[in-house]
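User: I would like to learn how to read a structural model step by step. Please give the general idea for each feature and then the case at hand.

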2 protein chains.
Amino acid sequence: MADAFKGNAVVGQSGGPTGVINASLVGVIEECRKHPEIGTLYGAVHAVAGMVKDDFIDLGKLSTETLETVAASPSSALGSSRDKPDAEYCRKIIEVFKKRKIRYFFYIGGNDSANTAHILNTVADETGYDIRSFHVPKTVDNDLLVTDHCPGYGTAAKFVACALMGDDLDNRALPGVKVDVIMGRHAGFLTAASALGKVREDDGPHLVYVPERPVSMDKFMSDVEGVYQKLGRCVIAVSEGICDSDRKTWAEKLAENAERDAHGNVQLSGTGALADFLAGQIKGKLKIKRVRADTFGYLQRSFAGLQSAVDVDEARRCGREAVKLATKHDNGSVAIKRTGNGKDYAVELFRTELKNVAEKTKSMPVEFINGADNGVTDAFVKYAMPLVGGLPKTEYLGTRPKV
Amino acid sequence: MADAFKGNAVVGQSGGPTGVINASLVGVIEECRKHPEIGTLYGAVHAVAGMVKDDFIDLGKLSTETLETVAASPSSALGSSRDKPDAEYCRKIIEVFKKRKIRYFFYIGGNDSANTAHILNTVADETGYDIRSFHVPKTVDNDLLVTDHCPGYGTAAKFVACALMGDDLDNRALPGVKVDVIMGRHAGFLTAASALGKVREDDGPHLVYVPERPVSMDKFMSDVEGVYQKLGRCVIAVSEGICDSDRKTWAEKLAENAERDAHGNVQLSGTGALADFLAGQIKGKLKIKRVRADTFGYLQRSFAGLQSAVDVDEARRCGREAVKLATKHDNGSVAIKRTGNGKDYAVELFRTELKNVAEKTKSMPVEFINGADNGVTDAFVKYAMPLVGGLPKTEYLGTRPKV
């Protein structure tokens, strides 16, 4: 290993936490330990914000037991940051790297994090300080380019699917209309996952709206009325990024129309506003008495004790792969290629250029959304089902033959 | 068994579903099969609403596999109802019972359901038609009298505890103030369960507000400011039934169009108004930038694949016990007595009078709420911990010693 690239390493976790971003962290840690050319592995406390102010913990001293508990825990164990470093910010980080003899940079995050890795690498080059800069993919939105799917999505999708399975059974028991608002401002993958638990012909969600397909309030109402007239109930999954026919999001329109009273008692721009607004519209316009609405919120990305085993495994492998690649390449982002599906589901990991993943995002492909713009296709289910690593089986009796 | 009380039986599930009300149903079914004096077991589709209009399925034909899947499924597999029968309603039910030769009545639900069992029994007596009327306890609120705790609570408490464990880790990763609004109109048991996953000294929730203790907006703000100044973050669990110093709930004050169900309960669940209001107040008055709020809503009572094993077991035993008791007594409600705690946790079941459980509800005992009215005591944790059947272990690294 005479010509191996030697130095210390740093790892950080950026952006919104997920249920398996810690599995990727553990993947980076365990692989670094296998490579003698990598010295101390520093954990950046609160991502780039920690790097820029020299705030680190030593990840070499963690026991196997601690690592396994970290891998099973939601959220970002090192702390996260929403900072988006520019060249100046990166120059400061490089100064810290020089002082710490850090030559390996591993950054777990979404497209912004890939961009950070890209900028940092460029700045390092300009400074004449050689580093190996690698991005490990993470999102609950599943909106990264190049990769077949993204670690973090499978676990969030499992949460949403289990939530809708339970919620649909609840709606069967006490029929009415139920609206569930699900995370995803631009990509509908997570909202689409609401349909993964459907087994019976009349299982909900009966309507699924994703940001990729604008929908007018008239069409929405007409869809809901149709299902309600047929089934006597209706479960609806709506992306928080749902937009009107003019491409403006419903949430934006609500915020614009928000009339705050003198006491500040009305918060139409809040988290639950879209759900409450839709429930109110359905009650008012369709004259349906029992209408309920929930906004799933942060539980979707950080719920303790609920991971997709497939997602955990892939997240950890992506962390390890980043380290392996960094011993051979200057920079890159880890991506997933699906090599088998269904019962033969399998993946391979590969390296792609940072610029291929940086900044841009992916939307749901056309073939995943139904023709009526209010549901998902079998192609989507085939794509997403292996990622949640199995769903519970449920049974409902109320529709059995009468005696 | 010459003098055994012979006849057919009916079972119904009433009120809001829970994660284990189906386990109680399966308990009733499997025990009925053991008693030759009990003939056909009818499942009432949508509870008393099904009984009054002669809408039944035959529960004798279900396979063991189906029963086990039912027991593992959230929500009420027979369908539920919010109807609150009066004497006239019960007289109609008795007519149906006579036609079907139904002599055993098993009703799984909360205090309203115990009351229904009580009224039905009284009406049957008056009519001269002998029945055995039994109530099987169910609530997520844990607010039934007599019983140590109530089936349904442990599973909902587990959901809330896991949610807060993840949410607190999320808040560590991206610090700020987080408000979580949790079910419970009058009793704070479920909101209190938010604290069960606390392990580290500075783990959230840092503030817990239950309906039993009125709190003014000024005190609330002062509490939040205190925690935020100390920790740089604050996670708050608030019951939907939280009330102001004048004993009016904050939600009531907010709700302009408070919808009331047949029991006169104001519908507080499924609305994000309270959460959004509190977040707005904190942002505005304390000038804290990152403030988020979630309302957990229906996921708390009907999430697929997340049950407390202890709760499932006890719910099923309560179902079986109701049938056993009905072969020996005229009427009653099944209650739980705790006979050991901690590692020696164990329970015994016993019969109590329907009138002891009917209508009234229980609040959190004084010793479960801290002196500052913003948290729970060790006594509460000792009480509630065995009921959730274990919680996941998590690890956070950001607070480790720096290098």
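Analyst: Helices are DSSP runs of H or I with at least four residues, strands are runs of E with at least two, and both are numbered from the N terminus. The model shown here is predicted. In chain A there are 13 helices and 11 strands. The radius of gyration of chain A is 23 Å, close to the 22 Å that the globule rule gives for 403 residues, so chain A is as compact as a globular protein of that length. The C-alpha trace of chain A spans about 80 × 55 × 35 Å along its principal axes.

User: What share of the contacts in chain A with a separation of 6 or more is between residues 24 or more positions apart?

Analyst: Such pairs account for 76% of those contacts. Buried residues, in turn, make up 59% of the 403 residues in chain A.

User: How is chain A divided into domains?

Analyst: The domain assignment gives domain 1 as 7-140 + 304-357 and domain 2 as 153-300 + 365-388. The centres of these two domains of chain A, taken over C-alpha atoms, are separated by 34 Å. Where they touch, 12 residues of domain 1 are in contact with 13 residues of domain 2. The domain 1 side of this contact holds five nonpolar, six polar and one charged residues.

User: How should I decide whether a residue such as L196(A) is buried or exposed?

Analyst: A residue is buried if 20 or more other C-beta atoms lie within 10 Å of its own, and exposed if 12 or fewer do. L196(A) has 21 other C-beta atoms within 10 Å and is therefore buried. Its place is in the loop between α7 (189-192) and β7 (207-209) of chain A. Leaving aside neighbours within four places in sequence, L196(A) is in contact with residues including A157(A), A161(A), V381(A) and L391(A).

User: Where does A372(A) lie?

Analyst: A372(A) is found in the loop between α12 (354-357) and α13 (378-384) of chain A. A372(A) counts as exposed because it has 12 C-beta neighbours inside 10 Å. A372(A) and R213(A) are 159 residues apart in sequence, yet their C-alpha atoms are 9.7 Å apart in space.

User: How do helices α1(B) and α3(B) pack?

Analyst: Helix α1 (residues 21-32) of chain B and α3(B) pack at an angle of about 150°, with their axes 7 Å apart. In α1(B), residues including L25(B), V26(B) and I29(B) take part, meeting L67(B), V70(B) and A71(B) in α3(B). The residues of this contact divide into seven nonpolar, one polar and one charged.

Terms used:
Residues numbered from 1 in each chain as written. Chains lettered and ligands numbered in written order. Predicted model: local features only at pLDDT ≥ 70, side-chain atom pairs only at ≥ 80, totals over all residues. Domains from an automatic or database assignment. Contact = placed C-beta atoms within 7 Å. Nonpolar A, V, L, I, M, F, W, Y, C, P; charged D, E, K, R; others polar. Rg over C-alpha atoms; globule rule 2.2 N^0.38 Å. Axes fitted to C-alpha atoms, helices over the stretch in contact; angles between N-to-C directions.
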